[in-house]
Amino acid sequence: MPHKSAMTELDAGELPGTAVFDGRRSRRGYRLNKLAMSLTEPANRARFLGEPEAYMDAFGLGEAEKDAVRRRDWAALIAAGGNIYLLLKIAATVGQTLLQMGAQMRGESLDAFMATRPGRSAR
Amino acid sequence: MTARILGGIGTSHAPSIAHAYDKGLQAEPLWAPLFAGYAPAKAWLAAQRPDLLIVLYNDHMNRFFFDAYPTFALGVGERHALADEGWGRRDFPDLPGDADFAWHLAESLIADEFDPTICQELAVDHGILSVLPLLCDPPWPAAVVPLAVNVIQHPLPTARRLWKLGHALRRAVHSYAKNLRVVVLGTGGLSHQLHGERFGFVNPEWDNRFLDLLEHEPEVLASYSHRQYMEWGGAESVEMIMWLGMRGALGPKVRRVHRHYYAPLITGYGLAVYENEQ
């Protein structure tokens, strides 16, 4: 049986609307993801909320990354190599939910997204 | 008398389940079917009187970061703290561990050519804790040995690797010279995608096929690639390979005790309980 690496398999065709979190993304998003990881400490959440610019500078974020964080542009942060589980920590810290993030990444309003869900009537 | 595996549980894990629990939404129309679905599993587990739960799960960037990310990580501590995932620690007691068994498991797995990172401190997250309170009430009635799997940063271990890991778990339990009653849990999935334009992708047809195959033809599931799992169930649903570790720890033939499925929002919540056929 020929050797088939996971990367070869992934390169065989991108899944639409999907950013498979591989080594390339993990390298690209390392500083952004490291900032997000720090938010598992309550004191760091307070620091980030109090002085977001200084906090982002301390983690060495680039201007495009900082801008995307300021705009809560989750789609751009995924493109920058952000991992969704880590971006969720940034979102929670600034008061957004996973469903809000998802609607933004899909390019629609939260109401429009929720209208597509079977459980909407039970909300 | 050695330790023995009584059965296994496959269950989704999700922050949404923890949120619904903590907010007391168990009777709300949206959540009632989910919580009701766990009642038979909870009753079964209580009747088994397990001493030990081996739980295959994944850490969601709470204990481990990409500075050093283990493919497999085993919690060998006397207890396991609960992680703060970025929105505060949940109000539950720490999980009791079983250091003696866990070190035996480490030795057995490594002799069997599986090489987990051995963790004397392994704070656990919703990968375990979102569903544990639906399966038993605190104070926790059994020790927990957590086994974390990389299902986040590709390259991931293959589905077949998890299937074989299950076999290795079984050998480890059966070679432990103490009369322990063990239940193996595989967590994660079922279909869901949490990022990108495909956010919210759910595939109940595939999820139910997965549950059929897991029960009767698990080796078919071991043959599928990560890409197939991601295409059929969404990128983050690749967690489903962890259920194969549970199924592989059981015998070829199992008796299904319970099965439940509910997909109201952005995750196919699945649950399966199997007993080993003696």
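**View 1. Strand 3 of chain B and its two neighbours.** In this predicted model, 3 bridges join strand 3 of chain B to strand 6 (residues 117-119) of chain B, and the two run parallel; strands here are DSSP runs of E of at least two residues and helices are runs of H or I of at least four, each numbered from the N terminus, and two strands pair if DSSP finds at least two bridges between them. B:Gly75 has B:Cys119 as its bridge partner in strand 6 of chain B. Strand 3 of chain B also pairs with strand 7 (residues 143-149) of chain B, in the antiparallel sense and over 3 bridges, and there B:Ala73 is partnered by B:Ala148.

**View 2. The two faces of strand 3 of chain B.** In a regular strand the side chains alternate between the two faces of the sheet. On strand 3 (residues 72-75) of chain B, B:Phe72 and B:Leu74 lie on one side and B:Ala73 and B:Gly75 on the other, and all are buried (20 or more other C-beta atoms within 10 Å of a residue's own, with C-beta atoms placed from the backbone).

**View 3. The contact between chain A and chain B.** Chain B gives 35 residues to the contact and chain A gives 39 residues, where contact requires C-beta atoms, placed from the backbone, within 7 Å.

Residues are numbered from 1 along each chain as its sequence is written, while chains are lettered from A and ligands numbered from 1 in the order in which they are written. Local features need pLDDT of at least 70 and side-chain atom pairs count only at pLDDT 80 or more, whereas totals for chains, interfaces and linings use all residues.

Notes:
Buried ≥ 20, exposed ≤ 12 C-beta atoms within 10 Å, placed from the backbone. Contact = placed C-beta atoms within 7 Å.
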